[in-house]
Amino acid sequence: MPDLTLHGGAGSRVDAEIEVKRSRFLCRLVRTETEDAARAAIDDARKEHWNARHHCSAFVLGPSVAPDQVRRSNDDGEPSGTAGRPMLEALTGRDFVDCVAVVSRYFGGTLLGAGGLVRAYSEAVLTAIDEAQVHGLVVARERRELFTLALSHADAGRIEAELRQRGVLILGTDYGRDAVLHIADDNTERLAATVAQVTAGGAVLEALGHEWVDVTA
């Protein structure tokens, strides 16, 4: 399965809430790129819901294939292993990366027990993920080769449209002396053949290396 994350870049956010025996569990799922940003998102939840009893959290940073992928979790006063870990398992079980989940709990007066807490914190995160998927706010993170393609301004619009129609991922366009398309693709030979066909051999791809990019399913 490919890695998944929230659409829209760093700071994108989805919220969800569940209630279990009058305890409210408010989950915010925020796309982040660094540990500092993840911890800032946790602090924001703590400030907004200052009167909640707990602000438990989990985050995953970096692709699943990376040996240095970062995974962190925190129970924030709940019994050890009943909040942060199940939240982290909910993220990884759905292949989510580059996200922090924060669940703020308003205690409803009834103790849930260890099993009840594990289920509640996990369900809160899964509900936020489901909410994101229902609204089309989830994208895949894939390793793609990067290229630029310099075109005349007169031809750029038409060629970009034709490339998109053929499934080429265009990350953006810079306008200067030429119009320069920024392209990400996972099949260099196919891309080169497509560009040659669309431009009638009049433009040349320039390779820039590789990067992890958002790919809409």
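This is a predicted model: local features need pLDDT of at least 70, side-chain atom pairs count only at pLDDT 80 or more; totals for chains, interfaces and linings use all residues.
Helix α3 covers residues 113-134. With 22 residues at 1.5 Å a residue, α3 should span 32 Å, and the 31 Å between its end C-alpha atoms agrees with that. The buried residues of α3 are G116, L117, A120, Y121, S122, A124, V125, A128, I129 and A132. An α-helix has 3.6 residues a turn, so residues three or four places apart point the same way. After α3 comes G136, with a positive phi near 65 degrees.

Next come helices α4 (residues 153-165) and α5 (residues 188-199), whose axes come within 10 Å and cross at roughly 140 degrees. Angles over 145 degrees would count as roughly antiparallel; α4 and α5 are therefore oblique to each other. Their crossing is right-handed. On the α4 side, the residues in contact are R158, I159, E162 and L163, and they meet T194, V195, V198 and T199 of α5. Sorted by class, this contact has four nonpolar, two polar and two charged residues.

Two loop residues remain. Most residues other than glycine have a negative phi. D95 is not a glycine, yet its phi is positive, near 65 degrees. D95 lies in the loop between α2 (84-93) and β6 (99-106). Its relative accessibility is 23%, so D95 counts as partly exposed. A200 is also not a glycine and has a positive phi, about 55 degrees. This residue sits in the loop between α5 and β10 (205-215). At a relative accessible area of 71%, A200 is exposed.

Note on methods:
Residues are numbered from 1 along each chain as its sequence is written. Side-chain values use heavy atoms; hydrogens and water are left out. Axes are lines fitted to C-alpha atoms, for helices over the stretch in contact, and angles run from 0 to 180 degrees between N-to-C directions. Helices (H or I, at least four residues) and strands (E, at least two) are DSSP runs, numbered from the N terminus. Angles under 35 degrees count as roughly parallel, over 145 as roughly antiparallel, 65 to 115 as roughly perpendicular and the rest as oblique. A crossing is left-handed if the near helix is turned anticlockwise from the far one by less than a right angle, and right-handed if clockwise. Contact means heavy atoms within 4.5 Å. Ala, Val, Leu, Ile, Met, Phe, Trp, Tyr, Cys and Pro count as nonpolar, Asp, Glu, Lys and Arg as charged, and the others, Gly among them, as polar. The expected span of a helix is 1.5 Å times one less than its number of residues. Buried means under 20% relative accessible area, exposed over 50%, partly exposed in between (1.4 Å probe, protein chains only).
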